[in-house]
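Thanks for coming, everyone. Please bring up the structure, and I will walk you through it.

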Amino acid sequence: MTRTVRRIAALLMWAVSTASLAAHHSFDAEYDSNKPITITGVVTKVDWANPHAFVYLDSKAGNGDVKRYKIEMGPPYALVRGGWKRDTLKIGDTVTVENAALAKDGSDSAGSMPSTQMRLSSGQKLTM
């Protein structure tokens, strides 16, 4: 290998490894596990993508206002191992997310902890 080819290869390896590190984040930096919440709402969107899947819920408050929550789930491969399928959730389903960690930034989002479960409209509970 020539010196230039080796430099290019090293630069590409560095770029790839840096990109994957930047794509992941610290759970504790974003979510407060000391503030677990339960959210019941209607599924409006599902993003089944790596490194984490997301589900979006419209939840009606007691006063009638609707909050749109973004819930971070586990990675798709782990969800599948836990009984999920890509089409488990459908737009319009009413579900309940139990014991999710509220976002530290005050946004209407939450993250799944090992104890977080989703109760589907059928009554089935799946770990998120």
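Ground rules to begin with. This is a predicted model: local features need pLDDT of at least 70, side-chain atom pairs count only at pLDDT 80 or more, and totals for chains, interfaces and linings use all residues. Residues are numbered from 1 along each chain as its sequence is written, and side-chain values use heavy atoms, with hydrogens and water left out.

Now the fold. The protein chain has three helices and seven strands. These are DSSP runs, numbered from the N terminus: helices are H or I with at least four residues, strands are E with at least two. Along the sequence the order is α-α-β-β-β-α-β-β-β-β.

Some totals for the chain. It has 128 residues, and 33% of them are buried. Buried means under 20% relative accessible area, exposed means over 50%, and partly exposed is in between, with a 1.4 Å probe and protein chains only. The accessible surface is about 8,100 Å², and carbon and sulfur atoms hold 56% of that. Those areas come from the Shrake-Rupley method with a 1.4 Å probe; for residues, only the protein chains shown count as cover. Take the contacts with a separation of 6 or more: 55% of them link residues 24 or more positions apart. A contact here is heavy atoms within 4.5 Å.

Next, strand pairing. Two strands pair if DSSP finds at least two bridges between them. β1 and β4 run antiparallel, joined by eight bridges. In that region, proline 36 sits opposite alanine 101 of β4. β1 also pairs with β2, again antiparallel, over five bridges. There, valine 46 has valine 55 of β2 as its bridge partner.

On to the core. In soluble globular proteins, nonpolar side chains tend to be buried together. Here, the largest nonpolar core holds 21 residues. By nonpolar core I mean buried Ala, Val, Leu, Ile, Met, Phe, Trp, Tyr and Cys residues joined through side-chain atoms within 4.5 Å. The residues with the most contacts inside this core are Val55, Leu57, Ile71, Trp84, Leu89, Met118 and Met128. Strands β1 (31-47), β2 (54-60), β3 (66-72) and β4 (94-103) each give it at least two residues.

Which residues does isoleucine 71 contact, leaving aside neighbours within four places in sequence? The list is Ile39, Ala53, Phe54, Val55, Leu57, Val97, Ala110, Ser112 and Met128.

Serine 112 is in the loop between β5 (109-111) and β6 (117-119). Is serine 112 buried or exposed? It is buried, because its relative accessibility is 16%. Not counting residues up to four places away, serine 112 touches Phe27, Ile71, Glu72, Met73 and Met128. Its side chain reaches the backbone oxygen of glutamate 72 at 2.7 Å.

Now histidine 52, in the loop between β1 and β2. Histidine 52 is buried too, at 15% relative accessible area. Its side chain reaches the backbone oxygen of methionine 73 at 3.1 Å.

Last topic: salt bridges. The whole structure has five. The criterion is a side-chain nitrogen of Lys or Arg within 4 Å of a carboxyl oxygen of Asp or Glu.

Aspartate 47 pairs with lysine 45 at 4.0 Å, N to O. Aspartate 47 is partly exposed, at 26%. Lysine 45 is partly exposed as well, at 39%.

Lysine 67 bridges to aspartate 108, with the closest N and O atoms 3.8 Å apart. Lysine 67 is in strand β3 and aspartate 108 in the loop between β4 and β5, so the pair ties together parts 41 residues apart in sequence.

The side chains of lysine 125 and glutamate 98 meet at 3.2 Å, N to O. Lysine 125 lies in β7 (residues 125-127) and glutamate 98 in β4, so this pair ties together parts 27 residues apart in sequence. Lysine 125 is partly exposed at 43% relative accessibility, whereas glutamate 98 is buried at 16%. Shared partners join Glu98, Arg119 and Lys125 into one salt-bridge network.

Terms used. A polar contact is a pair of N or O atoms within 3.5 Å; within protein, one must be able to donate a hydrogen and the other to accept it, and residues adjacent in sequence count only if both atoms are side-chain atoms.
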